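Please keep the sequence and the three-dimensional view at hand while reading.

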Amino acid sequence: MYRIGQEELDEIRKVVESGQIFRYGIGNQCTRFEERYAEKLGVNHCVMTASGTNSLTAALVGAGIGPGDEVLVPACTYIATPISVLAAGAIPVIVDIDDSITIDPAAIESAIGPRTKAVIPVHMWGLPADMDPIMEIAGRHNLIVVEDACQGVGGAYKGRMLGSIGHIGGFSFNYYKNMTAGEGGAVVTSNDEYAERIKCAIDPCSFYWNGRENTFSGFVFNGARASEFEGAILNIQLDRIDRMIATMRSQKKRILAETADSGLNPIPARSLDWECGTHVMYRFDSEERAEGFAEATDGTVAIKTGRHVYTEWDPILQHRGAPHAALDPFKIKENADCRMDYTENMCKRTLDILSRTVFIQTHPDRSESETGELIARILAYA
């Protein structure tokens, strides 16, 4: 979490004093945020959810993904990404990342099979996936692109906001994200048909509040709507996100510029002028060098981030996809021909990249002198 304080408290107080704490009440903090965020991203629809996982699940359900379908996911992403695929009834197919720490477009093309219906590029640690080739590949193979922008809130790719480039985008607003309400999320799209299904997936009871005449026939799903408290907090957070991202992006550019002649090897940037700028990453020629650099700079070796690495997705690798076998996508007959033979060494390239990559976080409240001290530690190790 970066910043939260009195402004959020004041807005929450207004919600409490109004007595309208349900999102379909008169205050409509959630509706206000949805309208503002959709406008900011340049999309037609935004629907708030209870979490990033809910957002990705609703996105897949909205696109009609389900049993019998495969969805390509990167080997480096939080476990919520493949969980959302299983929650929709489909099977995740795990593919390699490239040196940018995001899904490799070439690996996407190689992994496409007869049951592949969608791909989820993840803007991991605020780093944009290479969306131009991904969208081109998806267009040729008729794939739905669901952007996982849970860790990319406020960032962009070549001027286009993350989450708005694919057919659907999913966001998280939990404690660790660039904008936070403690928990929460959102789904965005410009496809009207997807939007109706997304709304139903998030809140299948919504027609009680919105009127049956204003909704399609709907379906049953485990809804996860947001609260007015989340909406109130996020409306304040939205007011400051651009300034924070600009500060962190500038900080990252300074670190890269002042270490450019050090002999260190920064990872490729897909859109340095537009990304979130939340992490500076360097690649080393050995795991030992990476470990030493991480210790010297208070950085983190990327492979040591737990559930962000596919080898740590125990329920996925062990085919425990639901609490009951009859509901488990790994066991139902519709998915019998889907690819699900996972092994811990199936993406060796990803493991090699992550074991030699170290990231250092930026922060919007870090002073210029503190950034200078960090740069000095980086140069001292180099």
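## Helix α9

The expected span of a helix is 1.5 Å times one less than its number of residues. The model discussed here is predicted. In it, helix α9 is made up of 31 residues, and the distance from its first C-alpha to its last is 44 Å, close to the expected 45 Å. The helix covers residues 228-258.

Helix α9 is also bent: at Arg240 there is a bend of about 40 degrees. Arg240 takes part in a network as well, in which salt bridges with shared partners join it to Glu7 and Glu8.

Across the whole structure, a search finds 30 salt bridges. One of them is formed by the side chains of Asp242 and Lys40, with an N to O distance of 2.7 Å. Asp242 belongs to helix α9, whereas Lys40 belongs to helix α2 (residues 29-41). The two residues are 202 residues apart, and the pair links distant parts of the chain. Asp242 has a relative accessible area of 43% and is therefore partly exposed. Lys40, with a value of 27%, is likewise partly exposed.

A second salt bridge pairs Asp130 with Arg270, whose closest N and O atoms are 4.0 Å apart. Asp130 lies in the loop between β4 (116-119) and α6 (131-141), and Arg270 lies in the loop between β10 (265-266) and β11 (279-283), so this pair ties together parts that are 140 residues apart in sequence. Is Asp130 buried or exposed? Because buried means under 20% relative accessible area, Asp130 counts as buried with its value of 15%.

The accessibility of each partner can be stated in turn. Glu196 is partly exposed, with a relative accessible area of 27%. Lys199 is partly exposed too, at 35% relative accessibility.

Methods:
Residues are numbered from 1 along each chain as its sequence is written. This is a predicted model: local features need pLDDT of at least 70, side-chain atom pairs count only at pLDDT 80 or more; totals for chains, interfaces and linings use all residues. Side-chain values use heavy atoms; hydrogens and water are left out. Helices (H or I, at least four residues) and strands (E, at least two) are DSSP runs, numbered from the N terminus. Buried means under 20% relative accessible area, exposed over 50%, partly exposed in between (1.4 Å probe, protein chains only). The bend at a residue is the angle between axes fitted to the seven residues ending there and the seven starting there.
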